[in-house]
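Morning, everyone. Please have the sequence and the 3D view open while I talk.

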Amino acid sequence: MKSFMKSGAKELEVPPAMDAEEAARKAYEHDQGLTKHTFKPGEHPIVRIEHLNKTFTDTPVLRDVNLDVWNGEIVVVLGPSGSGKSTMLRCINMLETPTAGHILIEDQEITGSKKTDVNKLRRDLGMVFQGFNLFPHMTALENVMVGQVKVLKKPKEEARVEALKQLKAVGLADRADYKPPQLSGGQQQRVAIARAVAMHPKVILFDEPTSALDPELVRDVLNVMRDLALHSGMTMIVVTHEMDFARDVADRVVFMEGGVVVEQGLPSEVFDHPKAQRTKEFLGHIR
Amino acid sequence: MKRNSCVRLRALPLVMAMSLAMVLTVFVTGCSSSSSSSKSTSKKASEKIELVHKGKLTVASDLANPPFDYMEGTTKKGFEVELMDALAKKLGLTVNYLNPMKFDSIIPTVKQGGKADVGASNFTITADRKKEIDFTDAYIDSNQGIVTSKATASSVGSDVNVLNKSGVTVAVQSGTTGESWVEENLPNAKVVALDDPISALSGVSTGLYNAAVADLPVMQYEVKNSYTSLSVAKEIATGEQYGIVVSKDNPALTKALNKALKQLRKDGTLSTFEKKWFGVDYEAQSASAAATSTTTNGDAGSVVVSKATARPNEDGGDRVIGGINTRLTWEATTKVEDGVSSVTLKLPSDASFEGSTTKVTVLKGLTRVNIDGKATAKGNTVTIKFASPIPNGSLLRLEITDMKFPNQGGKYQVTGSYTTAAGVKGTLPASAKIKTISNTPVQQIVMWLDGQPWVTAWNSVPFLNMFFKPQLLVTSFVSLFGGWVLCLLIVVISYPFAIALGLLFAMMKISRFKVLRGLASIYINLLRGTPLFLQIYIMFFGLPMIGINIDNNVLGVIVMAINSSAYQAEIYRAGILSIPNGQYEAAASLGMNRAQTMFTVILPQMVRRVIPTVTSDFITSYKDTSLLSSVGVMELMMFSKNLTTTTGNITPYMAAAIYYLIVTLPLIKVVSIVEKHLADAENGVGPRPRGRAAKRVEAAEGEKGESAEQDAEPKDTSAFEALAAPFRSHASQEA
Ligand SMILES: Nc1ncnc2c1ncn2[C@@H]1O[C@H](COP(=O)(O)OP(=O)(O)O)[C@@H](O)[C@H]1O
Ligand SMILES: [Mg+2]
């Protein structure tokens with residue numbers, strides 16, 4: 001892994017992270033009209049991605065990605081398979097190390113932070129995986145409790161109350177004592193969402209949460225996500241192929257291909273009047 | 001006849017219970033040997049010598065008793081080897097030695113027939129052994145010797161009781177006269193019974209044991225030639241005699257060998273061999289000792305009783321080592337100028353000599369005087385009439401086996417009288433008190449079995465007698481119990497340590513630090529790459545050499561724990577690597593640190609996965625405790641080996657097999673049940689908690705349990721990298 005860093009650093013030279021005020025000003029200007037979300041002048045974006053580059057061995061996967069996400073904004077990332085969407089989310093969550101570039105959460109740079117900070121920073125970031133990744137030896141309730149107890153050091157009782165509340169929110173209060181193998185895929189994914197939400201992260205990342213599910217199970221999961229988007233006020237970055245969900249729920253749609261952000265804007269703009277040729281092809285292809 | 005016995009055997013529930021391939025194989029050979037032995041019985045009348053290979057005398061020996069029988073490179077050497085050659089020549093045969101076999105397996109091999117004609121390996125002629133096989137006449141007299149380090153030799157020499165203390169360990173060859181001697185004379189010392197005298201000497205020279213007791217000529221030879229740091233501290237006059245082992249089905253061979261032996265003695269060949277190998281002519285010595293007797297003066301003189309000890313009633317405990325029959329040993333020094341012509345021993349009236357066998361040993365110094373005695377038992381007295389008077393100043397030893405102490409036990413004194421050659425009567429001083437314990441119900445069952453006709457019929461089938469002798473099975477179960485408990489204790493105590501060490505080394509092996517990984521690799525590879533047997537030897541003989549003295553049982557626990565930990569480290573490592581990467585990522589995304597991830601997410605899942613493999617390893621460890629018997633840990637195999645050596649019967653091993661199976665069979669069942677549960681859980685077929693709406697909802701939603709287990713995002717990373725990423729060296733954490 002060290003070798004990636006070295007070879008990457010040699011090949012790629014990116015400017016240092018921008019000054020917070022300057023970045024906020026630029027983002028304010030840039031994102032005007034690209035999102036339904038309302039933000040005030042002087043407000044700082046909650047997530048800043050600047051010149052993000054990621055190379056696996058010799059294959060560049062992310063090439064100079066720049067993106068700002070505002071507090072409370074729902075961003076849906078679209079793009080063909082292999083375009084680097086997951087890699088971007090994983091970089092934000094520090095599951096991958098960028099080869100070059102900067103990621104800042106509330107103006108604090110997470111790339112290049114010390115080991116001890118990483119776990120602390122991650123508390124502000126929730127993640128929902130395509131493969132659920134529930135802990136199979138724990139019940140649904142325990143899955144939702146474990147992070148609160150171990151990481152947030154909440155008393156067990158408090159964690160249980162919170163866990164039950166979140167399970168209820170995803171419609172699975174009656175499945176609290178089930179273990180993951182005894183639950184359907186859709187139920188598992190909803191437990192996984194409850195597990196992420198129970199940590200009350202500032203930003204929650206979804207990586208194709210419905211892609212592993214049978215079609216008849218997708219709706220329940222999307223409903224839960226929609227609910228979350230409309231009522232929780234949480235910032236969400238969602239990678240998905242569910243176009244209807246994107247159109248309904250997203251404040252902004254980002255289209256990625258070949259490791260670059262090809263186009264971004266209001267859902268209606270991107271879906272109905274795509275500017276880039278690649279976007280047109282992709283949306284046409286999808287339909 | 002043959003068919004009949006096989007059918008009967010098959011119907012036996014016990015044999016059914018032991019439906020092991022091993023037993024079945026033996027069963028087949030057993031049937032065939034029963035047919036051959038019945039053939040030989042019929043030929044007994046014709047007095048024809050039966051041989052395994054035509055024109056050859058096939059000899060079984062352990063070839064580990066220099067200067068009697070040993071290997072030098074690939075050539076067999078020694079007094080006995082030359083004697084067998086000479087004997088065979090007299091019979092018009094050539095000698096064919098089998099590959100060296102374990103001492104305890106020689107008598108069963110000869111007895112069962114088909115492999116060896118005779119056994120020659122320093123076999124002392126004993127009553128216990130005579131029950132199973134025949135002995136030829138003695139070919140040499142022998143004694144026992146105590147070997148210690150040179151430093152302690154003189155203090156032991158002047159008083160053997162310095163060894164009669166707890167904390168003193170004395171090594172003996174299992175099932176030998178030396179072992180019985182230590183049992184009876186050093187009751188406070190710990191006896192360690194080994195396969196051969198050489199391991200006993202190795203142990204003394206490294207400091208593992210305080211002393212070794214074994215055949216004097218062997219000890220003298222070894223101390224002179226190999227173990228020069230040791231010396232023979234004391235010679236123990238046992239006056240025992242070595243004989244050649246022949247099957248009871250082959251009396252013609254015994255007879256022929258006896259005749260040949262007589263000739264060799266007469267023509268001086270035996271003396272020549274003795275001079276060559278021992279530098280002493282024992283034949284001439286015993287002849288002159290016998291000649292020193294008798295000038296009549298009519299004086300009663302006196303007899304000084306120096307010893308009276310007994311192997312008391314069966315107690316089933318470890319005192320049983322060395323034999324299973326009661327025995328009274330009585331020793332006295334005669335100070336009667338006319339010589340003693342008869343001795344009458346008397347016990348209180350509730351004891352009985354009826355049905356006993358008496359062995360007479362007369363010694364002048366260390367030299368045996370060959371005097372036969374005829375014993376007549378009558379209730380609580382036994383009278384021994386000597387063929388010729390016991391010379392003045394001799395040590396007279398009477399060993400009376402199979403005599404009976406009363407069931408309730410108690411303290412007994414031997415009294416009696418003697419008659420001089422001149423016909424004068426004298427009274428024997430009362431011996432020291434002999435403590436006997438009460439007969440256990442087990443012994444009473446055995447006595448009852450002895451009298452049952454079906455037991456006699458059963459035992460007349462050679463295979464059944466050899467492998468499932470009812471009396472021996474009953475006593476074996478009791479005698480082996482302690483060993484079995486020790487096996488269990490060793491493995492049960494060692495296992496938690498093995499688990500802890502295994503986890504530690506598994507963690508080290510997947511650690512971020514190269515040094516730790518390297519150390520763990522060395523540890524695991526060394527232990528997995530060498531036989532456990534070797535590790536046991538190194539630990540048991542090596543540690544005392546560097547001055548570390550640990551109790552044998554504790555050392556056994558340590559060796560087993562260390563050995564098993566290496567295997568478990570690999571099991572745990574594989575278990576950890578089998579946990580999907582998604583589990584690490586999920587834990588990381590909740591903000592768990594490395595320790596939290598390990599202990600709350602990875603290890604609990606790993607534990608479930610490795611339960612079947614670890615249980616299998618436990619079974620292996622449990623069985624492997626048997627290897628500890630080679631260094632004298634008194635576990636199950638040790639006890640069965642001892643019983644087999646003294647009785648020449650395989651039944652004790654069958655009892656041991658049952659003791660092993662009592663534990664292993666249920667565990668094997670447990671493994672398969674756990675494996676099924678795990679498979680069910682992975683497939684999502686496990687039981688579901690009670691829930692009102694559960695069934696309906698599931699039916700509506702369908703199933704897709706499996707996807708949770710796999711990382712849905714396919715990436716061509718190896719399992720190792722998958723693990724390495726979040727645990728060993730997380731990329732972002734290294735930045
Ligand atoms: N750990 C990895 N090692 C090497 N190549 C990877 C790794 N992870 C992803 N890739 C490659 O990076 C590219 C982008 O992957 P990904 O971000 O998963 O795309 P998306 O999520 O948009 O489908 C793909 O070509 C994939 O094969
Ligand atoms: Mg993806």
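I will go through chain A, then chain B.

First, the ground rules. This is a predicted model, where local features need pLDDT of at least 70, side-chain atom pairs count only at pLDDT 80 or more, and totals for chains, interfaces and linings use all residues. Residues are numbered from 1 along each chain as its sequence is written, chains are lettered from A and ligands numbered from 1 in the order in which they are written, and side-chain values use heavy atoms, with hydrogens and water left out.

Start with confidence. pLDDT is the predictor's confidence in each residue, from 0 to 100. Chain A has an average pLDDT of 90, and 94% of its residues score at least 70. Now look at residues 1-10 of chain A. There pLDDT stays under 50, and the model has nine contacts beyond four places in sequence for that stretch. Contact means heavy atoms within 4.5 Å. Where pLDDT is low, the predicted coordinates should not be read in detail.

Next, A:His102. This residue sits in strand S4 (residues 100-105) of chain A. Helices (H or I, at least four residues) and strands (E, at least two) are DSSP runs, numbered from the N terminus. Is A:His102 buried or exposed? Buried, at a relative accessible area of 12%. The scale: buried is under 20% relative accessible area, exposed is over 50%, and partly exposed is in between (1.4 Å probe, protein chains only). What lies by the side chain? The backbone oxygen of A:Pro15 is 2.9 Å from one of its polar atoms in A:His102. The backbone nitrogen of A:Ala17 is 3.3 Å from a polar atom of that A:His102 side chain. Beyond four places in sequence, A:His102 also touches others, including A:Arg48, A:Glu50 and A:Thr111.

A:Glu162 belongs to helix H6 (residues 156-169) of chain A. A:Glu162 is buried too, at 10% relative accessibility. Setting aside neighbours within four places, its contacts are A:Gln148, A:Lys154, A:Ala198 and A:His200.

Now some backbone angles. Most residues other than glycine have a negative phi, and most peptide bonds are trans. A:Thr57 is not a glycine, yet its phi is positive, about 50 degrees. A:Thr57 is in the loop between strand S1 (47-56) and strand S2 (59-69) of chain A. That residue is exposed, at 55%. A:Asp64 also has a positive phi, about 55 degrees, and is not a glycine. A:Asp64 lies in strand S2 of chain A, and counts as partly exposed at 38%.

On to chain B. Here is an open sheet of three strands, ordered S2-S3-S4, with antiparallel pairing. Its edge strands are S2 (64-65) and S4 (75-77), each pairing on one side only. Strands pair if DSSP finds at least two bridges between them. S2(B) and strand S3 (residues 69-72) of chain B are joined by two bridges. B:Ala64 stands opposite B:Tyr70 in S3(B). In the loop between S2 and S3 of chain B you find B:Pro67. The peptide bond from B:Pro66 to B:Pro67 is cis, with omega near 5 degrees.

Last, helix H19 (residues 532-545) of chain B. Its 14 residues should span 20 Å at 1.5 Å a residue, and the end C-alpha atoms are 20 Å apart, which agrees. The expected span is 1.5 Å times one less than the number of residues. Among the buried residues of H19(B) are B:Leu532, B:Ile536 and B:Phe540. Their cover includes helix H18 (514-528) and helix H20 (552-577) of chain B.

Technical notes
A polar contact is a pair of N or O atoms within 3.5 Å; within protein, one must be able to donate a hydrogen and the other to accept it, and residues adjacent in sequence count only if both atoms are side-chain atoms.
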